[in-house]
Amino acid sequence: MRKPLLSLVAVLGLAACASQPMMGPPPPPPSGPVAIALPANIAAALSDPSRPAADMIRDKDRHPGEVLAFAGVKSGAKVADLIPGGGYFTRIFSKAVGPKGKVYAYVPDELTKLAKREPAVNAIARDPVYSNVQVILNTLPNFGAPEKLDLVFTAQNYHDMHNKFMGPANLGVVNRQVFRALKPGGVYLVLDHVADAGSGLRDTETLHRIDPAVVKAEVMAAGFVFEGETRVLRNPADPRAANVYDAGIRGKTDQFVYKFRKPVR
């Protein structure tokens, strides 16, 4: 299989334009993708030939390079992939942090009991190609890792923690556990599907969406500082009225990517 050229990827952005009052109104800012160079470790992880072809196809919608760059993933980092699912991000993290790094795929026991099968990510951890991956199976409120972490990452799962099949979990407890697990200065990155502003938790069970303001308030209540967001996964054309699994919107939902940091002091 030919390796895709992924050292340059597109991110959405708007360039600022200076005002020119003597020349008439300024032209509109350019829109569309702007090519940026990814850090070498992330570019190499995306183009790694051991990744499944199906995962690589999904890259154009999920923009993993931009997301990991925003999170600040470096070689040698210690990362927890909280609720890793099939391991799409787990594999990328494994190669991005390299042999001196570590990836803890944290699978809540609530999910394995519901599925009545072993976690899919176990197969990744058994593969020598991903020898720095370790699966942790425990309940969600007991989140933790054997060592202090540089990053805790969860993608499209935060809303599920509020749902009945997860307990529902006490997010105050979960977020405090994440806070304790991180090194001072460590990052908590939350990526999820957007629900209407002001909707709170209304759509977590039905549409699998969550109001970003709820996430921000809950995470900051645990002691985190909100550091910003990347809009690479935002889609203003999403009416936010459909279940994220509906064929017409799946893979194209409006998604937020929030970066929180544990204070150094």
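Reader: What share of the contacts in the protein chain with a separation of 6 or more comes from residues 24 or more positions apart?

Author: This is a predicted model, in which local features need pLDDT of at least 70 and side-chain atom pairs pLDDT 80 or more, while totals for chains, interfaces and linings use all residues. Residues are numbered from 1 along each chain as its sequence is written, and side-chain values use heavy atoms, with hydrogens and water left out. A contact means heavy atoms within 4.5 Å. For residues 24 or more positions apart, the share of the contacts with a separation of 6 or more is 74%.

Reader: How many helices and strands does the protein chain have?

Author: Both are DSSP runs numbered from the N terminus: helices are H or I with at least four residues, strands E with at least two. By that count the protein chain has eight helices and nine strands.

Reader: Why do the buried residues of helix 2 line one face?

Author: Buried means under 20% relative accessible area, exposed over 50% and partly exposed in between (1.4 Å probe, protein chains only). In helix 2 the buried residues are Asp55, Met56, Asp59 and Arg62. The arc is taken from the directions from the helix axis to the C-beta atoms. These residues line one face because they fall within an arc of 115 degrees.

Reader: Which residues are exposed on the other side of helix 2, and what covers the buried ones?

Author: Ala54, Ile57 and Lys60 are exposed on that other side. The cover over the buried residues includes helix 1, helix 3, helix 4 and strand 6.

Reader: Which residue caps the N-terminal end of helix 8?

Author: The backbone nitrogen of Ala213 has a side-chain oxygen 3.0 Å away. A polar contact is a pair of N or O atoms within 3.5 Å, one able to donate a hydrogen and the other to accept it; residues adjacent in sequence count only if both atoms are side-chain atoms. The capping residue is Asp211.

Reader: Which elements do the buried residues of helix 8 pack against?

Author: Pro212, Val214, Val215 and Val219 are buried in helix 8. They lie on the same side of helix 8, because their arc around the axis is only 155 degrees. Their packing partners are helix 7, strand 7 and strand 9.

Reader: How do the residues of the lining of the largest pocket divide into nonpolar, polar and charged?

Author: Ala, Val, Leu, Ile, Met, Phe, Trp, Tyr, Cys and Pro count as nonpolar, Asp, Glu, Lys and Arg as charged, and the others, Gly among them, as polar. The lining divides into 20 nonpolar, 12 polar and 10 charged.
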